[in-house]
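I opened the model today to look through its packing and its backbone. My notes follow in the order I took them.

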Amino acid sequence: MTPEYRIKTEKHISDYLESYDVSKIKYMQVEQTFEDLGMEVHVWNVKAENSSWWIVEGENAPMNLYTQDANYFSADEAYSFHMGITQRLQAQHHKNFRHIIDELPLDIDKIKSIGRRLNNASQYLNNVSGPEDIQSIALTCRESLIELAKVLADDNPNLLADNDLKAADFKGIANAVVGIYAQGKSNGKLRKRCRSMAELAWDQSAEMVHSPNRNIPDAKICLLFTCSVVSIFQNLFFKYLGFDSEPKCPECKSMEYEFISTDKDSIVIMHCNSCGYEEGIQIESEEVESEKI
């Protein structure tokens, strides 16, 4: 145990005990360290003003406290009890594991290889055993963003030359494509937020690739950022195609409507299914246009 780890853990234990209204700690020392399960787990002997506690914590082991006053646990018994609970919780987690990508309404079928990368990384989250696994997930996120940049550049053939960009410059390509897909003064704030999100996702993955001190929540956040950015650019593209120009009810602004035909081929009725408002809409068919000519 390094001095830095000891100082950090002592503060964590103090804060943890305070959350249980245990204060005025008089003594805190590691009683015993166990490595028999392939991980380093420490049992701390903590004496407060009116109580005594075993605090168990360590590698891949959540912190928990056990009173010494009622159960008369030894340090070894507290460790065994704690690891039994931890293993049961881990087994339950594996049984109820929810795919991380299920947490986002993603539609990434169009970019199948990126979809496979992110799906594999999200499943790998359930089997992390060390820092190198977390760095591997971050690397997958970064590679996915680079591949997304290639797709965006391929869809906009003059993008690299017009903006003096390299094919692997994700942030530069993302910045330029946001300007293409979200044009106009009304989209100014949207452009700023999308660009910030793209930069955030890239910086998070790049930092984690080179950091051995990250944990599973960090990896999950990194993956969520990446998935979000992929989804953002898909929806920006839909917006660019005009999917945000669908008609709305003039009265209640609902998008739940249907078109009803009339006796006249050039007129249909737009009927709002929410408030019942109806409005006649003139359409110009090829036949009508040819008659005008």
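I started at I173 and skipped its neighbours within four places in sequence. I173 is then in contact (heavy atoms within 4.5 Å) with A149, L152, A153, L159, L160, L165, K166 and A167.

This is a predicted model, where local features need pLDDT of at least 70, side-chain atom pairs count only at pLDDT 80 or more, and totals for chains, interfaces and linings use all residues. Residues are numbered from 1 along each chain as its sequence is written, and side-chain values use heavy atoms, with hydrogens and water left out.

**Cores**

Next I looked up the largest nonpolar core, which has 40 residues. I take a core as a set of buried Ala, Val, Leu, Ile, Met, Phe, Trp, Tyr and Cys residues joined through side-chain atoms within 4.5 Å. Buried is under 20% relative accessible area, exposed over 50%, partly exposed in between (1.4 Å probe, protein chains only). L148, F170, I173, V229 and F233 touch the most other members. At least two residues each come from α3 (112-124), α4 (131-155), α6, α7 (188-209) and α8 (216-241). Helices (H or I, at least four residues) and strands (E, at least two) are DSSP runs, numbered from the N terminus. α4 gives the most to this core, nine residues. Another core lies apart from it and holds 13 residues, including L17, V22, M28 and V30.

**Helix pair**

I then checked α3 against α8. They pack at about 160°, with axes 11 Å apart. Axes are lines fitted to C-alpha atoms, for helices over the stretch in contact, and angles run from 0 to 180 degrees between N-to-C directions. The pair is therefore roughly antiparallel (over 145 degrees). From α3, I114, L118, A121 and S122 make the contact; from α8, L223, T226, C227 and V230 do.

**Hairpin**

Which way do β6 and β7 run? Strand β6 (residues 267-272) and strand β7 (residues 278-282) are antiparallel and joined by five bridges. Pairing takes at least two bridges found by DSSP. H271 stands opposite E278 in β7. Five residues sit between the strands, and G276 in this hairpin takes a positive phi near 85°.

**Positive phi outside glycine**

D21 is not a glycine, yet its phi is positive at about 65°. I found D21 in the loop between α1 (3-18) and β1 (27-34). D21 counts as exposed, at 74% relative accessibility. D164, also not a glycine, has a positive phi of about 55°. D164 sits in the loop between α5 (159-163) and α6 (170-181). D164 counts as exposed, at 72%.

Key
Parallel < 35°, antiparallel > 145°, perpendicular 65-115°, else oblique.
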